[in-house]
Amino acid sequence: MVHSRKLKSINFLHNVREALLAHIKPGDHLAVALSGGVDSVVLLHTLATLSREIPLTLSAVHINHGISSNAILWSKFCCHLCHSYGISIYIAYLKIKKETGESLEAKAREERYRVFSQIQADYVVLAQHLDDQAETLLLQLLRGAGIKGLCGMPPVRKLSPIGIPQILRPLLEISRDEIESYGRLNKLNWIKDESNDSIIFNRNFLRHEILPILKKRYPNYPKILLRTSRHFSEASLLLDELAAIDNEYCMVSGKIQISNIRMLSFARAKNLLRYNLAQRDITLPSTVKLETILHQILSAGPDSQPCIRFGNTEIRRHKGSIHILSSKTPLSSSAHYIWNGETHLVLDHFNGTICFTDIKSQGISRKKISTELITIRSREGGERFMPTCNRPRKSLKNLLQEASIPPWERNTIPLIFCGEKLIWVPGIGIDCEFQVESDEFGILPIWHPL
């Protein structure tokens, strides 16, 4: 019996080791997401054991959601547990505020991942397991999720942007029963979250009311559903490959061309738009919303400029192209900056930076601006400009239109003024009056929007 228990622990450790080594490299820093429940306690014990043979740095992060009256006790438990292992732990205290109609589970999850993205580590390691994967797939099915939503949880998930830890799930092929058995065999202590028994929550309803019945007829349903999620992952990969091919055909200068996307079937056009949103790490809208967006964009007249907003994203149509933009706070009309000769100037209100380069026979003449205050501000209306010396001075409005600068960008670009004279417009040029003479060194501004 003792030999059998030891063999089970060895097999368990072997499986976790294999899952780890498929992704991590020696010396990586792993931060365990420690709730204090059996799953994360077993994960911590397993990683602490494996760290004796695999060179890695181990720490923990505990999220105190402040929802349960026992939350402080759980935080203390996790601190004591980490102290016994000799590893550091970071406690994040949250105040969950959900909007009307918003799921408490979804809001708590969003806040957890926000904390995870701020942890200084190579990986945040989660204890989600085979049964969690099955529950996730069923919940997604019942929500009417698309193929991407039915792929389940990946073993490794890269959070954006670059430089923040990846999410690692080394227990995804290990069952809840195996985890609890390992905990008992190694005489581990853990806490029990009373909310896990409440069938008010959808996941708990499935776990306690539906899945026990399913297990009687299909004892191996978690492994079957894992296989199903892998089929969906493969289908999702193929759809992305198709979208990449369509992207090559439809994309010109970073914009999807309406005339090209019209040549695709509606399903392929929808797949392409979804792919482009995902490439920008934009939270995807519902299927109905995505179809509505595509219908509005494709059915709009050539001179119309529809704007569809969802979340923090705007999708616009302009001059035959689809523009995918982040919703920005309107600029304050009073925002302005003074340039004192810096090589670059960060313009927070304009979401970008202007770099100033010394260059021969190009740019703004230093001697022509030496006696006036140089400011940077947004367009107010009525400005006139002459970027070409052999052509008449025109209104800035007309020049922006001729340059095909989209209407929503025209009031958000930084303009350089010498006193009250407009001397530089990004994408258009330098006013004739302030351009350098031949062989003179000038200042060339370059605009870098975020």
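Tutor: A polar contact is a pair of N or O atoms within 3.5 Å; within protein, one must be able to donate a hydrogen and the other to accept it, and residues adjacent in sequence count only if both atoms are side-chain atoms. The model is predicted: local features need pLDDT of at least 70, side-chain atom pairs count only at pLDDT 80 or more, and totals for chains, interfaces and linings use all residues. Residues are numbered from 1 along each chain as its sequence is written, and side-chain values use heavy atoms, leaving out hydrogens and water.

Student: How far does the backbone nitrogen of Gly37 lie from a polar atom of the side chain of Ser35?

Tutor: Both residues are on UniProt's "binding site" list, from an unreviewed entry. UniProt positions follow the numbering used here, feature names are shortened, and annotations may be inferred rather than shown by experiment. Ser35 lies in the loop between strand E1 (29–33) and helix H2 (38–50). The distance from the Gly37 nitrogen to the Ser35 side chain is 3.1 Å.

Student: Is Ser35 buried, partly exposed or exposed?

Tutor: Buried means under 20% relative accessible area, exposed over 50%, and partly exposed in between (1.4 Å probe, protein chains only). Ser35 has a relative accessible area of 42%, so this residue counts as partly exposed.

Student: Which residues does Asp39 touch, not counting residues up to four places away in sequence?

Tutor: Asp39 is also on the UniProt list. Asp39 lies in helix H2; helices (H or I, at least four residues) and strands (E, at least two) are DSSP runs, numbered from the N terminus. Contact means heavy atoms within 4.5 Å. By that rule, and beyond four places in sequence, Asp39 touches Ala127, His129, Asp132, Leu171 and Ile179.

Student: In what order do the 5 strands form an open sheet?

Tutor: Two strands pair if DSSP finds at least two bridges between them. The pairing here is antiparallel. The order is E7-E8-E11-E10-E9.

Student: About what angle does the direction of helix H10 make with that of E11?

Tutor: Helix H10 (residues 266–279) packs on the sheet and touches E7, E8 (255–257), E9, E10 and E11. Axes are lines fitted to C-alpha atoms, for helices over the stretch in contact; angles run from 0 to 180 degrees between N-to-C directions. With E11, the angle is about 35°.

Student: Which backbone oxygen does the side chain of Asn260 reach?

Tutor: Asn260 sits in helix H9 (residues 258–261). At 17% relative accessibility, Asn260 counts as buried. Its side chain makes a polar contact with the side chain of Ser259 (3.5 Å). At 2.9 Å, the Asn260 side chain reaches the backbone oxygen of Tyr249.

Student: What is the relative accessible area of Ile261?

Tutor: Ile261 is also in helix H9. Beyond four places in sequence, this residue touches Cys250, Ile256, Ala269, Leu272, Leu294, Leu298 and Ile322. Ile261 is buried, with a relative accessible area of 1%.

Student: How far apart do the C-alpha centres of domain 2 and domain 3 lie?

Tutor: Domain bounds come from an automatic or database assignment: domain 1 (1–228), domain 2 (253–326) and domain 3 (336–449). In domain 2, 6 residues are in contact with 6 residues of domain 3. The C-alpha centres of domain 2 and domain 3 are separated by 32 Å.
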